[in-house]
Amino acid sequence: MKAVFQQTYGGSDVLVHGDLPPPSIGRHQVLVEVYASSINPRDWLIRSGKYQLQFLVPAFPLVLGSDISGVVAAVGPGVTRFKPGDPVFGMKNPAQGLGAHAELVAVNEKSLVRKPDNMDFDAAGGLPLCALTAWQALVDIAGIQRGKRVLVIGASGGVGTFAVQISKALGAVVTGVCSAANQALVKSLGADLTIDYKTEDFRKNGAVYDIVFDTIGRESLARCSGILVPGGVYVSTVPAPGNFVAAFTSTLRHAVSKSGKRCAVVMVRPERTGLEAIAALVQKGQLKTVVDSVFPLHEAQKAHDLSRSKRARGKVILHIKG
Ligand SMILES: NC(=O)c1ccc[n+]([C@@H]2O[C@H](COP(=O)([O-])OP(=O)(O)OC[C@H]3O[C@@H](n4cnc5c(N)ncnc54)[C@H](OP(=O)(O)O)[C@@H]3O)[C@@H](O)[C@H]2O)c1
């Protein structure tokens with residue numbers, strides 16, 4: 001099969017487009033013919049050897065890629081929910097071997113769901129990891145509810161564009177922090193208000209929030225405490241040591257006094273319930289992938305460089321088939 005792989009850590013020039021043997025599947029795994037995937041910041045962090053959980057990364061030749069949309073090619077003997085020909089989407093973490101930047105990938109059955117038929121494969125290739133991160137942060141960790149006030153920092157990025165839409169779909173009042181150039185985009189996704197982080201400090205306009213979702217990682221519970229209501233939650237996508245310490249101590253405090261403000265770090269998990277909830281929102285027309293650009297697999301280097309610039313609006317897609 002064709003794949004993009006690397007034999008050493010380094011810049012995007014270590015990525016090679018070439019042939020590798022196809023993966024084999026286990027009893028509860030599905031072989032997916034990959035139609036599209038996307039680049040996530042973890043891809044260029046792992047590529048360069050700088051990922052926080054690098055010890056979980058598979059050996060060389062290393063095929064990156066967490067996001068998968070495609071069609072089932074074969075199933076293991078223990079698979080019950082899929083058959084060859086089914087259109088699916090899902091994701092893999094490093095501990096599950098990554099490998100989505102290739103024509104074929106082996107995926108655990110429980111990390112896949114059926115692709116919504118109103119979304120094309122390219123858009124579905126940008127959906128799983130970022131939408132699941134936003135879902136798990138807002139729903140599973142922060143307990144978002146109708147009427148809650150949510151601040152999304154980094155609202156124009158991969159995670160942020162999904163976070164704004166999910167918050168809105170669940171009835172929250174959403175403020176998006178993004179640059180002036182991205183305000184129209186973020187409002188079009190449902191944000192009630194936008195704040196330009198280059199000209200305004202969102203801590204100083206008098207607004208308060210039930211949930212601050214920080215997808216950029218420059219903030220902390222301490223810095224955002226003044227804009228959180230009693231019992232409010234600061235959730236970060238960045239596993240910085242300070243966030244873990246704050247998560248531990250603030251959870252203890254919160255257990256004693258429910259009005260205590262909490263810190264949490266989301267670590268995305270490839271799980272079926274969240275993927276199904278995301279697929280249902282897509283099916284209802286409440287969630288879409290904002291596509292910044294689409295690159296063919298053999299141009300993965302360019303796709304990595306664009307994601308690495310940290311300026312992408314929504315998702316950088318790798319188109320593999322179709
Ligand atoms: N823990 C987990 O499981 C998990 C899961 C997913 C992602 N992450 C992490 O979450 C972070 C975000 O991921 P992503 O995929 O959303 O990244 P991304 O798509 O690459 O983010 C790019 C966006 O960030 C915006 N941005 C940059 N600096 C900003 C700032 N200071 N304030 C507001 N917006 C800013 C950019 O807009 P402008 O050009 O307008 O600045 C751009 O639209 C990464 O660090 C990633 O590694 C962690």
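Author: A word on domains has to come before the rest, since the bounds of a domain, as used here, come from an automatic or database domain assignment. The model itself is predicted, and for this protein the assignment gives domain 1 (2-127 + 289-319) and domain 2 (130-265). With those bounds in hand, we can say that the shell around the ligand draws at least three residues from each of domain 1 and domain 2.

The shell can then be taken residue by residue. There are 34 residues around the ligand, and those that come nearest are Pro 41, Gly 157, Gly 158, Ser 179 and Thr 237. Two or more residues of the shell are given by each of helix 1 (41-47), helix 3 (128-141), helix 4 (158-169) and strand 10 (173-178). Sorted by class, the shell around the ligand holds 16 nonpolar residues, 13 polar ones and five charged ones.

The axes of helix 3 and helix 4 come within 8 Å and cross at roughly 50 degrees. Angles of 65 to 115 degrees count as roughly perpendicular, those under 35 as roughly parallel and those over 145 as roughly antiparallel, with the rest called oblique, and helix 3 and helix 4 are therefore oblique to each other. Their crossing is right-handed. On the side of helix 3, the residues that take part are Cys 130, Ala 131, Thr 133, Ala 134, Trp 135 and Leu 138, and in helix 4 they meet Gly 158, Val 159, Phe 162, Ala 163, Ile 166 and Ser 167. By class, this contact of helix 3 with helix 4 has nine nonpolar and three polar residues, and no charged ones.

Helix 3 has a further partner in helix 8 (residues 272-283), and here the axes come within 10 Å and cross at roughly 100 degrees. Helix 3 and helix 8 are therefore roughly perpendicular to each other. In this contact Pro 128, Ala 131, Leu 132, Trp 135 and Gln 136 of helix 3 meet Gly 274, Leu 275, Ala 277 and Ile 278 of helix 8, and the classes are seven nonpolar, two polar and no charged residues.

The centres of domain 1 and domain 2, taken over C-alpha atoms, are separated by 28 Å. Nine residues of domain 1 are in contact with ten residues of domain 2, and the side of domain 1 that touches domain 2 divides into four nonpolar, three polar and two charged residues.

Definitions and conventions: Residues numbered from 1 in each chain as written. Predicted model: local features only at pLDDT ≥ 70, side-chain atom pairs only at ≥ 80, totals over all residues. Near = placed C-beta within 6 Å. Helix = DSSP H or I, 4+ residues; strand = E, 2+ residues; numbered from the N terminus. Nonpolar A, V, L, I, M, F, W, Y, C, P; charged D, E, K, R; others polar. Axes fitted to C-alpha atoms, helices over the stretch in contact; angles between N-to-C directions. Left-handed = near helix turned anticlockwise from the far one by under 90°. Contact = placed C-beta atoms within 7 Å.
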